[in-house]
Amino acid sequence: MDILSILKLFGGVGLFLYGMSLMGQSLEKLAGGELEKILEKLTTSKKKGVGSIKGWGLGTGVTAIIQSSAATTIMLIGFVNAGIMKVIQAIPVVFGANVGSTVTSQILRLGDLGSGSIVLQLLKPSSFAPMLAGVGAFILLFAKKKKLKDVAGIMIGLGILFYGMTMMEEVFEPLRESESFQKLFVSFSNPFLGVLIGLVITAVIQSSSASVGILQALSATGTVTFSIAIPIIIGQNIGKCMPIIMAAIGANKKAKRVSIAYIFMNIFGAIICLFGIYSLYYTVGLPFMENVVNRGDIANVHFGFNFLTSMILLPLTSKFTDFTAKLVGGDEDSKTDTALAKLDERLLNTPSIALEQCKALILEMKDAIYENYQIATGLIYDYDETKFPHLEENENFIDKCETLLTAYIIKIDRKRLSSDEKLLVSEILNSIGDLERTGDYCMNIAYVAREKNEQGIHFSPNGHAETNSIISAVDYVLKTTFKSFEDKDSSLAIRVEPIAESVDKLKEIIKSHHVERLNEGVCSIAGGVALFDLLNCFERISSHCSNIALHVIKRVGGDRDFDEMHGHANDSYSEEYKALYHYYESLFIDPILPEKKKKAPVVEYLREEEKKSEQLYKEEKEKKASKEHKKKNKEKHNKKDKK
């Protein structure tokens with residue numbers, strides 16, 4: 001092995017780890033709750049033990065198709081790391097993956113895979129890795145939809161991951177053809193040395209299927225007996241854990257538990273099989289051990305080892321899960337798991353309680369959005385890459401909330417709800433999309449901040465001050481919107497639209513000011529691109545807040561005919577609306593206007609304007625209440641007259 005081979009090996013390891021990371025990140029963005037629900041159905045059941053059997057079948061089937069238990073387990077680590085699956089769901093799939101990995105040896109018993117059909121060749125990771133990466137890159141370049149780009153990220157990640165595995169295999173390809181290397185299989189009669197040989201060779205080749213294939217090829221010489229083959233096969237099953245150990249690097253504790261389950265399963269199986277076989281061999285004797293094996297015998301031993309081990313451990317899935325938790329230590333349910341546990345299917349029998357759980361979860365979703373806004377805007381001028389994991393955790397939680405809440409709340413029996421509860425259902429269903437999109441724009445702000453930092457972009461002092469002004473305005477609109485939603489307060493909700501309108505005007509003013517500074521040579525084009533991206537995010541956030549406020553007004557007013565898409569919180573020509581708009585204009589816009597900087601609003605003036613707007617709102621509310629009271633009285637009199 002020369003220096004170029006060593007460099008290629010390091011390159012393969014790097015691609016493997018990068019592909020794993022890219023796949024996991026794309027899964028987090030795409031998954032939301034849809035993939036989670038599919039995997040939930042395939043790995044869980046109300047009947048005890050059925051979920052584990054389903055998971056085992058899933059692992060067996062998937063691995064039989066891709067012919068790599070390591071690849072299946074690596075994907076599972078990615079799912080668990082992204083929070084898409086729970087450890088207790090993943091472990092039975094791991095057990096099944098080991099059984100599915102024996103399909104290759106069963107195929108090889110009929111002849112070498114290399115001389116098989118094109119279909120078998122295309123199923124090898126080395127064949128479909130370039131196709132995955134190529135198709136993914138094509139989608140990434142031309143797709144406009146976010147979900148398609150996330151799918152492309154998964155495909156590219158998988159392609160790079162498998163290509164990295166292929167590179168590592170290619171480095172050691174010459175060793176497979178070496179006679180001295182092959183003789184290692186039959187050099188020792190000691191079973192422990194046989195296990196060691198199988199372990200080391202498989203760890204080096206990075207494929208148990210390949211090392212079993214070599215053993216099957218060697219069986220044609222007529223020199224390999226059961227006493228030699230069995231320990232080597234057991235060692236090969238331990239050696240194939242090497243890619244899993246690598247995949248666990250950088251993963252969270254729950255993902256590490258999946259890798260531990262895979263490793264422990266093979267070690268446990270090795271101990272049980274070695275103890276069982278050789279205790280009989282050295283006591284009562286096993287005559288067949290000295291018989292020469294063929295390809296079919298090796299395939300059967302390989303299958304029997306993995307099947308027997310999985311059957312022993314499958315009924316113990318729950319205890320095995322607890323065991324991995326004790327080994328890793330400090331593993332607690334994440335914020336996402338704890339929050340989403342509120343949506344218990346059993347609570348659907350009590351619709352009112354189920355609805356309260358939905359409201360509690362959407363409030364947690366709201367808190368995550370506001371926290372992300374504060375973190376993201378803070379990164380604009382004080383960048384800190386270490387804050388991104390928390391941002392992404394919150395964003396993952398927000399996306400899951402949208403999918404799972406929507407699916408859960410439509411199952412609630414509305415016939416058993418009060419009229420106010422029905423309006424709450426409508427409010428949540430209408431608001432959840434706006435909340436999720438608000439969370440997306442908060443993440444976009446963070447990504448712009450990252451690009452700004454990477455490109456060394458700096459805003460001018462005036463640009464800095466103006467950006468701070470719109471940050472404060474949108475912060476205010478978020479707090480007002482969320483407070484009105486939580487407290488069911490229309491007096492606050494009615495303020496959101498005039499604030500949003502002032503944000504729109506503020507955006508246009510800041511853009512025009514930047515163009516002026518650009519003409520004067522004070523600002524750069526790159527700075528302008530970053531600024532305009534930020535302004536667009538701020539404007540969209542305030543727009544979604546305005547939509548949420550309209551849903552609050554509809555619920556509080558009990559107006560089922562209110563059009564949230566085209567209605568308004570109040571008449572834009574009313575004195576109340578004008579007073580509110582001028583108040584927020586003086587609060588957020590006037591301080592950045594050169595001609596009004598000296599006339600910036602004082603606290604007393606702001607308080608006076610606040611009181612005026614509140615008084616106008618109270619008067620209009622009283623008028624509306626009076627009309628409703630007269631209407632109800634009239635309806636009562638009409639009913640009495642009919643009687």
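The legends below describe close-up views of a predicted model. Local features are given where pLDDT is at least 70 and side-chain atom pairs where pLDDT is 80 or more, while totals for chains, interfaces and linings use all residues. Residues are numbered from 1 along each chain as its sequence is written, and side-chain values use heavy atoms, with hydrogens and water left out.

**Figure 1. Salt bridge between R450 and E385.** A salt bridge is a side-chain nitrogen of Lys or Arg within 4 Å of a carboxyl oxygen of Asp or Glu; the structure holds ten of them. In the pair formed by R450 and E385, the closest N and O atoms are 2.8 Å apart. This pair links distant parts of the chain, 65 residues apart, with R450 in helix α22 (residues 419-454) and E385 in the loop between α20 (351-379) and α21 (388-409). Helices are DSSP runs (H or I, at least four residues) numbered from the N terminus. R450 is partly exposed at a relative accessible area of 21%, and E385 is also partly exposed at 39%. Here buried means under 20% relative accessible area, exposed over 50%, and partly exposed in between (1.4 Å probe, protein chains only).

**Figure 2. Salt bridge between D475 and K479 within helix α23.** The closest N and O atoms of D475 and K479 are 3.4 Å apart. Both residues lie in α23 (residues 461-487), separated by four residues, about one turn of the helix. D475 counts as buried at 15% relative accessibility, whereas K479 is partly exposed at 43%.

**Figure 3. Salt bridge between E585 and K505.** The closest N and O atoms of this pair are 2.5 Å apart. E585 is buried, with a relative accessible area of 12%, and K505 is partly exposed, at 34%. Elsewhere, salt bridges that share partners join K366, D367 and E486 into one network.

**Figure 4. The largest nonpolar core and the surroundings of I445.** A nonpolar core is a set of buried Ala, Val, Leu, Ile, Met, Phe, Trp, Tyr and Cys residues joined through side-chain atoms within 4.5 Å. The largest has 77 residues, and those with the most contacts inside it are Y373, I445, V474, F538 and I541. Two or more residues each come from α20, α21, α22, α23, α24, α25 (525-557) and α26; the largest share, 14 residues, comes from α20. Contact means heavy atoms within 4.5 Å. Leaving aside neighbours within four places in sequence, I445 is in contact with Y373, A376, T377, I380, L534, C537, F538 and I541. A second, separate core of 32 residues includes A70, I91, F162 and A255.

**Figure 5. Packing of helices α14 and α16.** The axes of α14 (residues 226-239) and α16 (residues 253-281) come within 8 Å and cross at roughly 165°. Axes are lines fitted to C-alpha atoms, for helices over the stretch in contact, and angles run from 0 to 180 degrees between N-to-C directions. The two helices are therefore roughly antiparallel, a term used for angles over 145 degrees. S227, I230, P231, I234, N237 and I238 in α14 meet N266, I267, A270, C273, L274, I277 and Y278 in α16.

**Figure 6. F397 in helix α21.** F397 is buried, with a relative accessible area of 1%. F397 and E436 are 39 residues apart in sequence and 10.0 Å apart in space, C-alpha to C-alpha.

Definitions and conventions:
Parallel < 35°, antiparallel > 145°, perpendicular 65-115°, else oblique.
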